[in-house]
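Biologist: Before I use any of these labels, I would like to hear what each one rests on. Please put the model up and take my questions in turn.

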Amino acid sequence: DLVDELWQDRTKRREIRLGEWVHSWDTPREEDLIQNFMSAPVSKELDVILRPHIAALQRLLDSPNLNQDEAERYPVMDFIIRSKKKPDGVGAYSIPFCGDISSREYAKIARWFSDNIPGAPSQVQKWLGGMPLVHAFTLVVAHRKAGEFKKRAQAQNKEWHDSKLLRMAWADLMISYPTDSFVADVDLECLIALEARMFEDSKEAGAAGNQQWGLDAGQHHRRWNPYLNIPNEWVLGRECNESEYEVRYLLPAQ
């Protein structure tokens with residue numbers, strides 16, 4: 001049978017064993033995917049796109065000096081020179097553009113960069129979100145959208161040549177956004193709201209909020225502890241006593 005959060009219903013909560021699920025507070029957020037990029041899967045497609053450019057990416061990591069003569073080959077460098085950006089404390093340039101590359105794709109590209117560019121694992125602060133990685137984004141966009149860019153140039157009666165490709169990819173990188181960038185994760189928001197009602201331990205929740213789920217029904221699924229790492233803001237310091245944890249009667253197995 002389906003039930004709701006059984007707010008303040010201590011007796012019913014004690015009768016229900018919970019099936020295991022991934023808590024809202026353990027669900028990876030978009031920013032977590034990027035910070036934990038080494039957990040991203042290896043992509044054969046990205047390797048095909050980026051492997052021919054290892055030397056160029058290596059140069060941006062090892063010698064990030066700005067050079068107007070090289071800006072034609074590195075649109076991100078041209079942007080830094082023109083915008084007069086200043087390096088941060090580690091000598092890196094933070095670039096906010098990633099186009100319509102999703103957080104998952106961002107993590108995959110970062111994983112490839114770390115795996116294939118010598119010295120990258122020990123210098124993450126210099127390239128994650130910086131000039132070398134953003135040039136890798138530009139190369140990926142140029143490869144994936146080359147046909148689209150060529151058609152666009154021809155439709156505008158502009159002469160097409162390969163040197164335009166990176167510039168158009170860079171322009172696309174600055175103005176495009178992931179299709180899901182403005183979409184809320186409704187399922188996750190609903191789960192947060194439900195779990196807050198299920199596990200809040202407060203004066204309003206009463207004794208029902210004091211880890212009562214399944215106390216009279218036995219272990220939860222696979223001996224799961226549904227209260228592990230519960231957010232601190234849901235535990236509001238209600239006065240309680242040890243008797244609330246006692247098993248009053250054990251329901252027969254279902």
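Modeller: The questions below go from the whole chain to single residues.

Biologist: What kind of model is this, and what secondary structure does the protein chain have?

Modeller: The model is predicted. The protein chain has eleven helices and zero strands, and its pattern along the sequence is α-α-α-α-α-α-α-α-α-α-α.

Biologist: Why is the protein chain called more spread out than a compact globule?

Modeller: The globule rule gives 18 Å for 254 residues, while the radius of gyration of the protein chain is 26 Å, well over that value, so the chain is described as more spread out than a compact globule. Along its principal axes the C-alpha trace spans about 80 × 40 × 30 Å.

Biologist: How many of the residues are buried, and what share of the contacts joins residues 24 or more positions apart?

Modeller: Buried residues make up 42% of the 254 residues in the protein chain. Among contacts with a separation of 6 or more, 77% are between residues 24 or more positions apart.

Biologist: What does the accessible surface consist of, and how are the charges placed?

Modeller: The accessible surface comes to about 15,100 Å², with 51% of it belonging to carbon and sulfur atoms. There are 32 positive and 39 negative side chains, and the centres of the two sets lie 7 Å apart.

Biologist: Which residues of helix H5 are buried, and what do they pack against?

Modeller: In helix H5 (residues 75-83) the buried residues are Pro75, Val76, Met77, Asp78 and Ile80. These pack against helix H4 (54-62), helix H8 (131-144) and helix H10 (163-175). Just after H5, lysine 84 has a positive phi of about 55 degrees.

Biologist: How many aromatic pairs are there, and what makes the pair of phenylalanine 37 and tryptophan 127 edge-to-face?

Modeller: The count is eleven aromatic pairs. For phenylalanine 37 and tryptophan 127 the ring centres are 5.5 Å apart and the planes stand at 65 degrees, so the pair is edge-to-face. The cut-offs are centres within 6.5 Å and planes over 60 degrees apart.

Biologist: Why is that pair said to tie together parts that are 90 residues apart in sequence?

Modeller: Phenylalanine 37 lies in the loop between helix H2 (30-35) and helix H3 (44-50), and tryptophan 127 lies in helix H7 (residues 124-127), so the pair ties together parts that are 90 residues apart in sequence. Both phenylalanine 37 and tryptophan 127 are buried.

Biologist: What makes phenylalanine 199 and tyrosine 227 edge-to-face?

Modeller: Their ring centres lie 5.5 Å apart with the planes at 80 degrees, so this pair is edge-to-face. The pair links distant parts of the chain, with phenylalanine 199 in helix H11 (residues 186-199) and tyrosine 227 in the segment after H11, 28 residues apart. Ring pairs also link Trp21, Trp25, Phe199, Trp224, Tyr227 and Trp234 into a cluster.

Biologist: Why do phenylalanine 199 and tyrosine 227 count as buried?

Modeller: Buried means under 20% relative accessible area. Phenylalanine 199 is at 2%, so it counts as buried. Tyrosine 227 has 12%, so it is buried too.

Biologist: How do you know that alanine 136 is buried, and which residues does it touch?

Modeller: The relative accessible area of alanine 136 is 0%, so this residue is buried. Alanine 136 lies in helix H8 and touches Leu50, Leu57 and Ile109, leaving aside residues up to four places away in sequence. The C-alpha atoms of alanine 136 and tryptophan 170 are separated by 11 Å, the two being 34 residues apart along the chain.

Notes:
Residues are numbered from 1 along each chain as its sequence is written. This is a predicted model: local features need pLDDT of at least 70, side-chain atom pairs count only at pLDDT 80 or more; totals for chains, interfaces and linings use all residues. Side-chain values use heavy atoms; hydrogens and water are left out. Helices (H or I, at least four residues) and strands (E, at least two) are DSSP runs, numbered from the N terminus. The radius of gyration is taken over C-alpha atoms; the globule rule is 2.2 Å times the number of residues to the power 0.38. Buried means under 20% relative accessible area, exposed over 50%, partly exposed in between (1.4 Å probe, protein chains only). Contact means heavy atoms within 4.5 Å. Accessible areas come from the Shrake-Rupley method with a 1.4 Å probe; for residues, only the protein chains shown count as cover. Lys and Arg count as positive and Asp and Glu as negative; His and the chain ends are not counted. The place of a charge is taken as NZ of Lys, CZ of Arg, CG of Asp or CD of Glu. Rings of Phe, Tyr and Trp (its six-membered ring) pair if their centres lie within 6.5 Å; planes under 30 degrees apart count as stacked, over 60 as edge-to-face and the rest as tilted.
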